Amino acid sequence: MDSARIHRVQDAYDPALWVFREKAETKLYHRDEPQPGIFIAESFNVISRALDAGYEAETFLVEEERLEEAAPLLSRAPGAAVYVCPHSALQEITGYPMMRGFLCAMKRKALPAASDICRGAGRIAILEDVENPTNVGAIFRSAAAMFVDALLLTGSCSDPLYRRAIRVSMGCVFQIPWTVLPKGALPKVLAELSKEGVLTCALALTDHSVSIGDGRLKNAQRLALVLGNEGYGLTEETIKACDLTVKIPMAHGVDSLNVAAASAVAFWETKKRGGEDK
């Protein structure tokens with residue numbers, strides 16, 4: 001390991017570590033405007049997945065006791081600075097006792113066009129105004145696990161690269177193509193998908209909702225599932241723009257699930273046939 005790259009610090013409030021202490025993640029997001037900013041990835045596996053996805057490491061922060069363990073990561077980003085600190089400082093920076101020993105400030109990439117990531121996708125998930133980063137992270141994890149090929153988000157959704165969303169997703173935000181739609185673009189995107197043969201389905205409770213087990217969904221060659229806000233669900237405009245409105249049948253008078261739980265059920269129930277056998 002190149003010792004010239006290693007900078008040892010003892011104080012969690014060392015100025016060089018400001019990006020790791022920063023709690024207002026929008027400051028990191030906007031740091032390099034008009035270019036994309038940075039985000040923070042945590043843990044060996046999550047950082048490794050981000051590197052696999054082509055994200056560039058800018059600065060590492062590693063617990064002293066785990067520096068040798070970090071060598072494979074550091075070797076993949078020879079231009080990144082490496083700061084090493086004791087466990088106590090790392091815990092103070094993160095604010096919680098269970099810490100996996102590795103943080104990395106990474107550069108964001110320009111977002112792709114929705115048409116590019118949806119081209120040829122058999123299963124697409126679309127999130128409208130899902131605001132909680134825990135829910136966004138959980139949805140990405142379910143999507144990656146349950147055969148979803150692409151994910152679109154409206155601009156009012158929580159950022160998939162916020163630290164909490166990345167952590168909850170276990171790095172799955174780096175394993176499935178995604179992008180953020182321009183403001184007001186969702187109805188137009190839904191219309192374009194429908195023209196391309198994608199069956200667009202709004203998950204909502206209406207008088208015309210069909211069951212998630214409806215054969216049209218299971219047999220669709222291409223399918224898009226649209227999930228809405230934690231409080232008010234999908235907007236009427238979005239529901240009207242979809243080909244079908246879909247519900248998950250429930251017992252005991254329960255009318256809805258948390259959006260992350262609903263996504264997991266919907267992704268599994270509507271997976272492309274044969275997917276689980278691959």
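Is Arg66 buried, exposed or partly exposed? Arg66 is partly exposed, with a relative accessible area of 24%. Here buried means under 20% relative accessible area and exposed over 50%, with partly exposed in between (1.4 Å probe, protein chains only). The model is predicted: local features need pLDDT of at least 70, side-chain atom pairs count only at pLDDT 80 or more, and totals for chains, interfaces and linings use all residues. Residues are numbered from 1 along each chain as its sequence is written, and side-chain values use heavy atoms, with hydrogens and water left out.

Arg66 forms a salt bridge with Glu69. The closest N and O atoms of this pair are 2.9 Å apart. A salt bridge is a side-chain nitrogen of Lys or Arg within 4 Å of a carboxyl oxygen of Asp or Glu. Glu69 counts as partly exposed, at 39% relative accessibility. By this rule the count comes to twelve salt bridges. One of them joins Glu42 and Arg167, with the closest N and O atoms 2.9 Å apart. This pair links distant parts of the chain. Glu42 lies in strand 2 (residues 38-42) and Arg167 in helix 8 (residues 163-169), 125 residues apart. Helices (H or I, at least four residues) and strands (E, at least two) are DSSP runs, numbered from the N terminus. Glu42 counts as buried because its relative accessibility is 8%. Arg167, at 29%, counts as partly exposed. Asp214 forms a salt bridge with Arg216, and their closest N and O atoms are 3.0 Å apart. Arg216 is partly exposed, with a relative accessible area of 46%. Salt bridges that share partners also join Arg31, Asp32 and Glu58 into one network. Side chains of opposite charge can pair when their charged atoms come close.

The largest nonpolar core has 57 residues. Such a core is a set of buried Ala, Val, Leu, Ile, Met, Phe, Trp, Tyr and Cys residues joined through side-chain atoms within 4.5 Å. Phe60, Met106 and Phe174 have the most contacts inside the largest core. Helix 12 (residues 259-269) supplies the largest share of this core, five residues. A second, separate core of 22 residues includes Ile124, Leu186, Leu193 and Val226. Met106 touches residues including Ile38, Phe39, Leu51 and Tyr55, not counting residues up to four places away in sequence. Contact here means heavy atoms within 4.5 Å. In soluble globular proteins, nonpolar side chains tend to be buried together.

Two strands pair if DSSP finds at least two bridges between them. Strand 6 (residues 123-127) and strand 7 (residues 150-153) run parallel and are joined by four bridges. Ala125 stands opposite Leu151 in strand 7.

Helix 12 also holds Trp268. Trp268 is partly exposed, with a relative accessible area of 40%. Trp268 and Gly253 are 15 residues apart in sequence and 23 Å apart in space, C-alpha to C-alpha. Val254 is found in the loop between strand 12 (244-247) and helix 12. Val254 is partly exposed, with a relative accessible area of 43%.
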